Every structure is written in structure tokens, then in C-alpha cells.
Amino acid sequence: MSDRFDIVLVDADETIFDFLSAERTALTRTLAIYGITADDRMIALYSEINLSCWKMLERGEITRDELQPMRFKRFFDRMGTPVDDPSDVNEAYKRELSRCGFLLPGALDFLRKLHKRCRIYLATNGLTVVQRGRLSDSPILPYIDGAYISEEIGVQKPERAYFDYIFRDLHVTDRSRVCIIGDSLTSDMAGGRNAGITTVRYLGRLEPEHSPLCDYEIRDYDEFFDILSGMR
């Protein structure tokens, strides 16, 4: 029996890359440049602000250029220590984050096994300098066939245009042979649904929500192989 999918689009952060560890490390290093010793409260505050800004981008409320300094302006304002130029802090943070290509446990082995059965493409809303930096020396590089980064394309998940770009580039004619694996309901699952492809939510550290946006939910990478083979 042949596999169900020829192409699997895989989200990057919190699906393959351990973004929470990378964010903590990059922010700690960045704040140290400015003479600030990061603690758990600061990291949690930044994470909250950063996530809210990315959700605003997904909803089309701000642009990517607005997002980047905005998150640091809001962070330092909330800390009570306004910064002269949040753009400078943002540039330092991106440099540090691009060096933090930490993988989630089991991600490398998953991609290695999956690549023997189908083509794999990263599909990410991340920033080009960060994602390309992390990929450049990552052990996953031999097991992906390419990466589609929203900043390079000019549109982001969950917009249908993001996926249309990918399908044109890959000459996809049968969308039933494509699926997306990701952790985010609002970008990965909503985007996959908009594009008319199978959606598989990787829960990882998340709790199940059984959203109608998800065709499947998996907690362990190996569960995907039952979906791929049609056993689930």
C-alpha cells in the first residue's frame, strides 16, 4: 500500500525546533549585552509580549517590520526601563536567536525516517535571518528538501496565498497528497484548512483541544507514520 502523502510541510518552531529554549537563551544573551541579568519573570514577560505581537501579525493588524521593534519597546516599557532604540535590541536578539538551533527531542530521528518516504519542506512564519541561520549548520538539513519562509515569500500562514505560492513552486496538482504538521491552531492548522490540505497538529507540550481545524492530533512523532500509511 502506498503512502497517503508525497509532500509534508513541517512547521519549524515548537514542531521541530525547541523555540522556548532558544528564546530563553537568545534573550538572556541579548539582555546581557545591555547589562541586564535575565530572570524567569523577564523571560515570561517577553514571551507573552512576543507571542501577542506575532498573533497581531497573523491577523494582519501589524506588519513584520512593525512587529520587530514593537515587541522590545513593549517589553522595556513594561519593565519600567524604556530603551532608546528598540530596533538595536531587536537586531541583537535576532543574531543571537539565529545561533540557537535547538531541536525538540526526537525531531531529528523523525525527519530522518520520514525523508525516506516523502519530500519534506519547512513552512515557517519566522524571520529569514533567524531561520536560515539556524538551518545553516543544523543536522536536519540533509533531511529537508527546502524551506518556505514567510518573510521571503511576502505572505504568511494562515493566508491561502502562502500555500498557493508553495504549490506553484512545487508544481502540486493534487492537494490531497500534501499535509501540514504544526503546533499552532491559528497559523498551521487554519492555514492548512484554508489551503485544502490535511492538517496534523503536533501537540508536544500542548494539551489537546480537538479543534475542527485539525484532521489529526499527535503527541509523539511516531504517531504520524500511522496517518501516513493510512492506518489511522
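A pocket is an open set of grid points where a 1.4 Å probe fits, with protein on both sides within 12 Å along at least five of seven lines. In this predicted model, the largest pocket holds about 850 Å³ of space.

**Largest pocket**

- The lining of the largest pocket consists of 35 residues, and those closest to its centre are Asp13, Glu14, Phe19, Leu51 and Asp183.
- Two or more lining residues come from each of helix 1 (19–33), helix 2 (40–58), helix 4 (86–97), helix 6 (128–136) and helix 9.
- Helix 2 makes the biggest contribution to this lining, with 6 residues.

**Nonpolar cores**

- The largest nonpolar core contains 29 residues, and Val8, Phe110, Leu114, Leu122 and Phe224 have the most contacts inside it.
- Strand 1 (7–10), strand 2 (119–124), strand 4 (178–182), strand 5 (198–202) and strand 6 (216–218) each give two or more residues to this core, as do helix 5 (107–114) and helix 10 (223–228).
- Another core, of 26 residues, lies apart from the largest one, and its members include Leu27, Leu31, Trp54 and Met70.
- Beyond its neighbours within four places in sequence, Val8 is in contact with Leu114, Cys118, Arg119, Ile120, Tyr121, Cys179, Ile181 and Phe224.
- In soluble globular proteins, nonpolar side chains tend to be buried together.

**Strands 1, 2 and 3**

- Strand 1 and strand 2 run parallel and are joined by 4 bridges, with Leu9 opposite Tyr121 of strand 2.
- Strand 2 is also joined to strand 3 (residues 146–149) by 4 bridges, again in a parallel arrangement.
- On the strand 3 side, Tyr121 has Gly146 as its bridge partner.
- A right-handed β-α-β unit is formed by strand 2, helix 6 and strand 3.

- Strand 4 pairs with strand 5 in the parallel sense over 4 bridges, and Ile180 stands opposite Thr199 of strand 5.
- From strand 4 the chain passes through helix 9 (residues 185–195) to strand 5, in a right-handed β-α-β crossover.
- Strand 5 pairs with strand 6 as well, in the parallel sense over 3 bridges; Arg201 has Glu217 of strand 6 as its bridge partner.
- Strand 5 is largely enclosed by the rest of the structure, because 5 of its 5 residues are buried.
- Each face of strand 5 is covered, with Thr198, Val200 and Tyr202 buried on one side and Thr199 and Arg201 buried on the other.

**Helix 6**

- Thr128, Val130, Gln131, Gly133, Arg134 and Leu135 are the buried residues of helix 6.
- These buried residues pack against helix 1, helix 4, strand 2, strand 3 and helix 7 (150–153).

**Thr25 in helix 1**

- Thr25 belongs to helix 1.
- The relative accessible area of Thr25 is 22%, so Thr25 counts as partly exposed; the cut-off for buried is under 20%.
- Thr25 lies 171 residues from Gly196 in sequence, and the two are 37 Å apart in space, C-alpha to C-alpha.

Technical notes. Residues are numbered from 1 along each chain as its sequence is written. This is a predicted model: local features need pLDDT of at least 70, side-chain atom pairs count only at pLDDT 80 or more; totals for chains, interfaces and linings use all residues. Side-chain values use heavy atoms; hydrogens and water are left out. A nonpolar core is a set of buried Ala, Val, Leu, Ile, Met, Phe, Trp, Tyr and Cys residues joined through side-chain atoms within 4.5 Å. Buried means under 20% relative accessible area, exposed over 50%, partly exposed in between (1.4 Å probe, protein chains only). Contact means heavy atoms within 4.5 Å. Two strands pair if DSSP finds at least two bridges between them. A crossover is right-handed if, with the strands pointing away from the viewer, the path from the first strand over the helix to the second runs clockwise. On a 1 Å grid over the protein atoms alone, a cavity is a set of points where a 1.4 Å probe fits but cannot get out, and a pocket is an open set with protein on both sides within 12 Å along at least five of seven lines; lining residues have an atom within 4 Å of a point. Grid points are joined across faces, edges and corners, and a volume is the space filled by probe spheres set on the points.
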